[in-house]
Amino acid sequence: MPFFRDFTKTQTIEFHSEMLLSMNRTKIACGNLQRRHTMREAKDMKNRLGIFRKRNESPGRNQASKLDKVLKSVRPPAEDAMKWGESFEKLLIHKYGVAAFRAFLRTEFSEENLDFWLACEDYKKVKSQSKMTSKAKKIFSEYIAIQSCKEVNLDSYTREHTKENLQNINRTCFDLAQKRIFGLMEKDSYPRFLRSELYLDLINQKKANSIL
């Protein structure tokens, strides 16, 4: 009997082999893509954690922690709290008043304004030129630089003016920016604070005590 090769069967085997090879290539490609995606996610997460860690380690964060401790201390007499309503300046010279005001700003997601103002006040007390230079750069990168972690709302002129001041660092570098933010808080946030439940609760202590 003559021998006949079954080409149909051979072609079927070759077809299955090609399919298996193609599937293996696809699996490898998917695996590489998944690994790259996972590595990219890990890198993104690392960057986010880095930003979060930088925020927690920033001078503004330390200032906020101090104010939170003050807020947990003994509440001031109602007479003291009532003086805060006379002017924004009188509020800012009282430690508990500053802490209470920051707690209010936190509810409006704008505590960076007060943190910046306080950072400027601390900056003006620095005596060493090297420390002043280091602190000035930190304040600028944290509060004034575009898309900084706690960027305050400044007009372009004030931002550029402050940036130019860093070319010759001295105690007046942030004066204009600090003045702008002071005005913003005084006209915007401060009146709302005086109408807030937090402040009204403090000044109503006297009335509550007199009833008792």
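Trainee: Where does glutamine 147 lie?
Mentor: Glutamine 147 is in the loop between α7 and α8. Keep in mind that this is a predicted model.

Trainee: Is glutamine 147 buried or exposed?
Mentor: Exposed, with a relative accessible area of 73%. The cut-off for exposed is over 50%.

Trainee: OK, what about leucine 154, where is that found?
Mentor: Leucine 154 is in the loop between α7 (129–144) and α8 (156–165).

Trainee: Buried or exposed, that leucine 154?
Mentor: Buried: its relative accessible area is 8%, and buried means under 20%.

Trainee: Which residues is leucine 154 in contact with, leaving aside neighbours within four places in sequence?
Mentor: Ile144, Arg159, Ala177, Arg180 and Ile181. Take alanine 177: leucine 154 is 23 residues from it in sequence, and the two C-alphas are 7.2 Å apart in space.

Trainee: Switching topic. Which other residue has a positive phi although it is not a glycine?
Mentor: Look at phenylalanine 109, with a phi of about 55°. Phenylalanine 109 sits in the loop between α5 and α6 (111–123), just after α5.

Trainee: Is phenylalanine 109 buried or exposed?
Mentor: Phenylalanine 109 counts as exposed, at 71% relative accessibility.

Trainee: What span does α5 reach, first C-alpha to last?
Mentor: Helix α5 covers residues 95–107 and reaches 19 Å, close to the 18 Å expected at 1.5 Å a residue.

Trainee: Let's zoom out. How many helices and strands does the chain have?
Mentor: The protein chain has 11 helices and 0 strands.

Trainee: What percentage of the residues count as buried?
Mentor: 32% of the 212 residues in the protein chain. The accessible surface comes to about 14,900 Å², with 57% of that belonging to carbon and sulfur atoms.

Trainee: Last one: of the contacts between residues at least 6 apart in sequence, what percentage join residues at least 24 apart?
Mentor: That comes to 65% in the protein chain.

Methods: Residues numbered from 1 in each chain as written. Predicted model: local features only at pLDDT ≥ 70, side-chain atom pairs only at ≥ 80, totals over all residues. Heavy atoms only, no water. Helix = DSSP H or I, 4+ residues; strand = E, 2+ residues; numbered from the N terminus. Buried < 20%, exposed > 50% of the residue type's maximum accessible area, 1.4 Å probe, protein only. Contact = heavy atoms within 4.5 Å. Areas by Shrake-Rupley, 256 points an atom, 1.4 Å probe, with all protein chains shown as cover. Expected span 1.5 Å × (residues − 1).
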